[in-house]
Structure formats: C-alpha cells, structure tokens
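Here is a short note for a colleague who is new to this model. Please have the sequence and the 3D view open while reading.

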Amino acid sequence: MGVQWVLVCHGLATLVVVVSFLCGQWPIFRGTPIQSLHYFLTFGAYDYFLRCVGYVFGNKGTNFVYSVEHACCDRPNPVLQILYLGIIGGVYYSIVTSSFSYIPGYYLSEVHIYTSFLAVGVGILLFVLTSFSDPGTVTPENVSEFLSAYPYDYIIYSEKECSTCKFLKPARSKHCSICNRCVARFDHHCGWMNNCIGEKNTRYFMAFLLWHFLLCIYGTIAIGLVLAGRLKELRIVYILTVYYGIDDSIRSLAPHVVQTFKWQDYISWQRKLNEAKASAAALKASINGLNSEPKPAESKWRAFFRRSPLQDAEVVAKRNVYDKGFFHNVWEIILPLSTRRSFFRAKLKSS
Ligand SMILES: [Zn+2]
Ligand SMILES: [Zn+2]
C-alpha cells in the first residue's frame, strides 16, 4: 500500500502547487493560503533565498546570484531546456519504476506501457520543434514580405525603425533583446525553449502546451486507474463491505456529506462574489472618473476571473485591427502567412 499513498499525496501536492501557481492571483483566492503559496512560488522563495545568501556570503554572494540570474534569464542558454528534459525524463522514469509493475492491472491493459511512451515522445518532439524552429526572424532580405503582412494600427505599432537591425519594423514584430533579432508577430521569448515564439513557431508552441495539458490528464487518469485497480485486486472494497458493512454506511452518508459541502461552498462563493463585485465597482469608479455615465453591472464571471485591472482599460481602446475572429486567428497560427503562396506573391508585387 505504501506506493499508492505516496502517489495519492504526490497527486494532491501537485494539484495544489499547479492551482496556486497558475490561479493564485484570481480574486476568488484572495486572502487564502493559495494566494500566499502563489506569492511564495513566484517571488517569496527567491527573495528568501537571496536574503539567505546575503546573510551567509554578504554582498559578493548576492552579486554572484544576480550574475547567474542575468546569464540564465537575460541571455540565450539551454539551462531551462535541460531542466525540462530532466523533469519529463525523471517523472517518466519514476512512473516506469513505480507503476509499470501494476500494468496490466484490473483497469489498465498492457497497451498503456506503449501509449505512455508514445505520449511522452510526442511531447519531446514538439519541444524540439518549438526550440529549434525559426520563429520568423526578420532580415533585410525578407523584411518587405513581413511589412506587407499586417497594417500598422498606430496604437501599438507605428512605422518605426529598429535601432539595432536598422530596418523598418513590421507591424506586430518586436526586437528580442535576448536573441538580438527582430521577430515577426512576436509573442514572447520563451526561456524553456531558449527561443522566441513568433509568426512561424507559435503553432508548435501551442501544440506543445495543448499536448502537455492532455498528457497531464492522461497521466492523472492512468495513475488513478492503477490505484483503483490495486484497491480492487487487494479486495479492500470487498473486505470493508463484507466484514465491516462500511460500504452501506458510506453510501447512505454520501448524499448528506455532498449537500453539506455544496452549501458551504455556496456560502463562501457568495461572500467572495460580493467582495469581487465591490472591488470591481471601486476600480471602475477610479478609472472612469467622476463624470462618467453609470454603466451596467459587470458579469460575475468576468469580475471573478479578471487577472489584471488593466483589462478595464480595454473599454477605452479602439478595435483591435489584428483580431479577425477566433477561427481566422487560429487558422493564422496553424498556417502562418509567411508559409503561404500568397505571401510570396505579395513580396513579388512589392519588389
Ligand atoms: Zn531588431
Ligand atoms: Zn528571443
């Protein structure tokens, strides 16, 4: 039973860490341990570490940490790529050694030994594709193609020369200071990929994210089924039912327990909803000023999951000229303009 409980604890701890890291700033978690954990994971831990180094090694120690941080975060380097491979390889190895002996089990057939290997392999393939593909580097040779791809909106992008590359920056492009190049339809520089994410490789990056999301779900379900299979095989449910009559009592108790939790959740949800509404109203009032017209109430869901007060600023922004609708936007990611024939025709016309 030892391994099963370690797996359950590991699953719960992973869930708490992932939720805290990704959603800890949501208003719904304000004042909860999830928010504190989010702060600790994103700033606090590093801050404590720096203070600790300063206390033990003095200024020289902290300066050394800053120089390592600069080399790792502000210069191209494969540290996070190696870390990713270490994490995915280490996790897969630990699953192979701890859980594969239970496959085939009561609920899982032998095929999952091969599909899990395939799933991890595809994840690594997408990682390699994103890491080593051209993100859409703008050069003096292809700048005319990218200039004709998108119009300037004169809100975020206007006709401006890149001070480093010395050519007109196409709309939606950005000079990456880490890679020292201009990248078309620049999204961000990804430290994990040691590469920019831009016009040509956003598709691989999105596929990488989606695939790893599915991989997590697959892994969670598979490990859950290994656990359930072990419980079945060890006849624990049978023993509890026959010898202690626990199954009946659990069944009769379950609806009441669920009801109680639901009501408590509802009360706490309602309280947080009111708080979120009040803070949203205060924020709006401060942004709109005293002479604004009264606005209709904001959607409850929006108030809950708004990540940043900056989203309120969108009411004053003009229409986003680059937003051509969900399906068109997705299609542009899957098939970038620069990979289409029409793109080259545009280049011929303009040259
Ligand atoms: Zn540039
Ligand atoms: Zn970059």
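Where is the place of Pro104? Pro104 sits in the loop between α3 (79-99) and α4 (111-132).

1. Ground rules. This is a predicted model, in which local features need pLDDT of at least 70, side-chain atom pairs count only at pLDDT 80 or more, and totals for chains, interfaces and linings use all residues. Residues are numbered from 1 along each chain as its sequence is written, while chains are lettered from A and ligands numbered from 1 in the order in which they are written. Helices (H or I, at least four residues) and strands (E, at least two) are DSSP runs, numbered from the N terminus.

2. The cis peptide. Look again at the α3-α4 loop. Ile103 and Pro104 are joined by a cis peptide bond. Its omega is about 0°.

3. The sheet. Three strands make up an open sheet. Their order is β1-β3-β2, with antiparallel pairing. Two strands count as paired if DSSP finds at least two bridges between them. β1 (137-138) and β2 (174-176) are the edge strands, each pairing on one side only. Two bridges link β1 to β3 (residues 181-183), in the antiparallel sense. Within this part, Thr137 stands opposite Val183 of β3.

4. Two positive phi values. Tyr154 is not a glycine, yet its phi is positive, about 60°. Tyr154 belongs to the loop between α5 (143-147) and β2. Asn194 also is a residue other than glycine, and its phi is positive, near 50°. The loop between β4 (188-190) and β5 (195-197) holds Asn194.

5. Buried or exposed? The cut-offs count other C-beta atoms, placed from the backbone, within 10 Å of a residue's own: 20 or more is buried, 12 or fewer is exposed, and in between is partly exposed. Tyr154 has 11 such atoms, so it is exposed. Asn194 has 20 C-beta neighbours inside 10 Å, so it counts as buried.

6. The core. A nonpolar core is a set of buried Ala, Val, Leu, Ile, Met, Phe, Trp, Tyr and Cys residues joined through C-beta atoms within 7 Å. The largest one here has 15 residues. Val138, Phe146, Val183 and Cys196 touch the most other members. At least two residues each come from α5, β3, β5 and α6 (202-233). α6 gives the most, with three.

7. Around Cys196. What is Cys196 in contact with, leaving aside its neighbours within four places in sequence? Contact requires C-beta atoms, placed from the backbone, to lie within 7 Å. The partners of Cys196 are Pro135, Cys176, Cys179, Val183, Phe186 and His189.

Methods. Contact = placed C-beta atoms within 7 Å.
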